[in-house]
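Let's walk through a model together, one feature at a time. Ask away as you look.

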Amino acid sequence: MIKATPFDFPYDGRLMPQNTALLVIDLQEDFLSPTGYFARKGYDSAPLRAILPAVNRLIAAARAAGLTVIHTRQGYRADMADMTPYEKWRRKRAGLDGTDILLRSSPGFQIVADIEVAAQDIVVDKTCNGAFTYTDLELVLRARDITHLLFTGCTTDVCVHTTLREACDLNFQCLTIADACASGDQKAHEAALHMVTVEDGVFGALAVTEAVITALSRLAGAAN
């Protein structure tokens with residue numbers, strides 16, 4: 001089991017590599033680079049970049065233990081045919097008209113070079129904050145008999161938390177890794193982490209990187 005709050009994960013003590021996936025949410029240039037969307041909105045991307053070493057360690061541990069690694073990327077089609085009038089209005093209001101920011105045709109859509117995406121990893125592209133909305137993520141998870149999800153990425157309060165809430169409603173067992181998630185707003189980050197634990201873990205459990213790696217290392221050792 002993984003030492004976590006408000007209960008150790010998973011609740012029944014059955015952490016099975018073949019049924020578990022590590023989700024790496026939206027670690028893209030548009031959110032982490034000094035010229036991307038996040039920076040243009042006046043947010044500091046430093047907290048997001050600060051989690052990259054922890055995420056890389058978790059990815060390595062997950063692969064060694066036999067977990068599935070899934071990356072998500074957020075962005076719209078180059079022709080913006082999948083963007084509603086409201087979304088276009090928000091894009092204009094954000095000063096993004098005439099740019100390729102948050103478009104799948106842009107360099108900013110790509111996952112940052114600091115994160116290695118291996119050939120066996122799965123990449124899910126999305127337009128919404130939640131990675132289950134209008135994507136095949138649930139289909140992929142069900143096809144692989146994955147029932148347990150470990151959450152990392154950005155931002156804690158928006159895309160990570162939205163995907164977490166969707167996953168909980170779909171009856172996946174969820175663990176958020178606190179120091180492998182980040183936001184440009186520290187208060188929002190802390191509030192999002194706190195919300196995981198309320199009502200005895202309404203959105204699953206909360207752990208830290210070291211606790212997760214310790215448990216995954218035991219799994220890897222058992223497999224060998």
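Q: Where does D145 sit, and how do I read its phi?
A: D145 is in the loop between α6 (137–143) and β4 (148–154); helices (H or I, at least four residues) and strands (E, at least two) are DSSP runs, numbered from the N terminus. Its phi is near 60 degrees, a positive value in a residue other than glycine. This is a predicted model, where local features need pLDDT of at least 70, side-chain atom pairs count only at pLDDT 80 or more, and totals for chains, interfaces and linings use all residues. Residues are numbered from 1 along each chain as its sequence is written, and side-chain values use heavy atoms, with hydrogens and water left out.

Q: What is phi at N171, and where is that residue?
A: Phi of N171 is near 70 degrees, again positive in a residue other than glycine. Look for N171 in the loop between α7 and β5 (173–182).

Q: Which residues does the cis peptide bond with omega near -10 degrees join at C154?
A: That bond runs from C154 to T155, and T155 is in the loop between β4 and α7. A cis bond also joins F9 and P10, with omega about -10 degrees; P10 belongs to the segment before β1 (20–25).

Q: How do I describe two packed helices?
A: Use the angle between their axes and the distance between the axes. Axes here are lines fitted to C-alpha atoms, for helices over the stretch in contact, and angles run from 0 to 180 degrees between N-to-C directions. For α7 and helix α8 (residues 186–201), the angle is about 20 degrees and the axes are 9 Å apart. The two are therefore roughly parallel to each other (angles under 35 degrees count as such).

Q: Which residues of α7 and α8 meet?
A: With contact meaning heavy atoms within 4.5 Å, T156, D157, H161, L164 and R165 in α7 meet A188, H189, A192, L193, M195 and V196 in α8.

Q: Which residues are closest to the centre of the largest pocket?
A: A pocket, on a 1 Å grid over the protein atoms alone, is an open set of points where a 1.4 Å probe fits, with protein on both sides within 12 Å along at least five of seven lines; lining residues have an atom within 4 Å of a point. The largest one holds about 730 Å³ of space, a volume being the space filled by probe spheres set on the points. Of its 28 lining residues, Y37, R90, L102, N129 and V158 are closest to the centre.

Q: Which helix supplies the largest share of that lining?
A: That's α5, with 5 residues.

Definitions and conventions: Parallel < 35°, antiparallel > 145°, perpendicular 65-115°, else oblique.
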